[in-house]
Amino acid sequence: IHFYKRMLKLLSSRLVPRSQNLIFQQAARQCSSAPESKELITPSNPFEHYDYFGVSKLFTVKTLFDSRMHLGHTVRSLQPQMSPFVFGTRFDMCVIDLDQTALMLRQALNFTAQIAYKGGIVLFVCKQPSLVHMTDRAAQDCGEYSYTRPWKTEIFTATNLTFGQEIRLPDLVVMVHTKDKMQYADHRAIKDCGKVAIPTVGLVDTDCNPNLITFPVPGNDDSQDSVQMFLDLMKQAVLLGKEKRKTDFE
């Protein structure tokens, strides 16, 4: 405001006759004494809102507990990177801190909804035989894609060799299980996502490395109850993002 006052005085002294100086002075006083607007403006940009899609209302810590999301693996198989997310142990089994799970799950759901809101492609990846049918169903219900077969590195890193042409890669990969069942190693799709800069959301158990996932969600990745809840929440986040896209752009 003081800068505009000085500019108005300079303009009035050089370009305007003295008889019109009063007009500029009155305008400067109005600018300096104008009351601040206190009206609440609803942001149209989703990034300006804390929870634009309402993913925080999709679950509670109690629902996570009922789905056995807190049950981890044995203490012997605990990865050092997962130690901050472990609440304690019981009967030589790790118990995951669901308060941290809830926080990181909301971040993952919000990011997933943002991808769907921008018209992005979401790919669900899983190789566990007992979870394949659930993964395919969740992707189908929300209108996205799934890959539940043995992974090939050329799918992301050499699309010309795999498909015979350039294709659009997914904007987000949801890892239902971050381990390869056959070799019990990190799923190769995670490494390939890092090579081509595709963000990942993954359910990580106490025997997994969360540092490999962009948005890790600490939780039980073996129980069908916990995995089903994780898939249902991901599906709802995608549908919420698409709903908001229709509302805001159509």
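Predicted model: local features only at pLDDT ≥ 70, side-chain atom pairs only at ≥ 80, totals over all residues.
1. Helix 8 (residues 188–195) holds both Lys195 and Asp192, three residues apart, about one turn of the helix. Helices here are DSSP runs of H or I with at least four residues, strands are E runs of at least two, and both are numbered from the N terminus. The side chains of Lys195 and Asp192 meet in a salt bridge at 3.7 Å, N to O, where a salt bridge means a side-chain nitrogen of Lys or Arg within 4 Å of a carboxyl oxygen of Asp or Glu.

2. Residues are numbered from 1 along each chain as its sequence is written, and side-chain values use heavy atoms, with hydrogens and water left out.

3. Now the other salt bridges. The count comes to nine. One of them joins Arg76 and Asp92, at 3.1 Å from N to O. Arg76 lies in the loop between strand 1 (71–74) and strand 2 (86–90), and Asp92 in the loop between strand 2 and strand 3 (93–96), so this pair ties together parts that are 16 residues apart in sequence. Arg76 is exposed, with 70% relative accessible area, and Asp92 is partly exposed at 39%.

4. Which residues are linked in a network of salt bridges? Asp141, Asp232 and Lys235 are.

5. Arg168 counts as exposed at 53% relative accessibility, whereas Asp171 is partly exposed at 26%. Arg168 is also among the lining residues of the largest pocket.

6. That largest pocket has a volume of about 270 Å³. Pockets come from a 1 Å grid over the protein atoms alone: a pocket is an open set of points with protein on both sides within 12 Å along at least five of seven lines, and lining residues have an atom within 4 Å of a point. Grid points are joined across faces, edges and corners, and the volume is the space filled by probe spheres set on the points. Strand 5 (145–147) and helix 6 (154–157) each supply at least two lining residues, and strand 5 gives the most, with three. By class, the lining has 10 nonpolar, one polar and one charged residues. Here Ala, Val, Leu, Ile, Met, Phe, Trp, Tyr, Cys and Pro count as nonpolar, Asp, Glu, Lys and Arg as charged, and the others, Gly among them, as polar.

7. The second largest pocket has a volume of about 150 Å³. Its lining includes Tyr50, Asp51, Arg106 and Asn110, and divides into four nonpolar, three polar and two charged residues.

8. Finally, the cysteines. With a disulfide taken as a pair of cysteine sulfur atoms within 2.5 Å, the count comes to zero. Cys94 is buried at 2% relative accessible area, and Cys193 is buried at 0%.

Technical notes
1 Å grid on protein atoms, 1.4 Å probe; cavity = no way out; pocket = protein on both sides within 12 Å on 5 of 7 lines; lining within 4 Å. Buried < 20%, exposed > 50% of the residue type's maximum accessible area, 1.4 Å probe, protein only.
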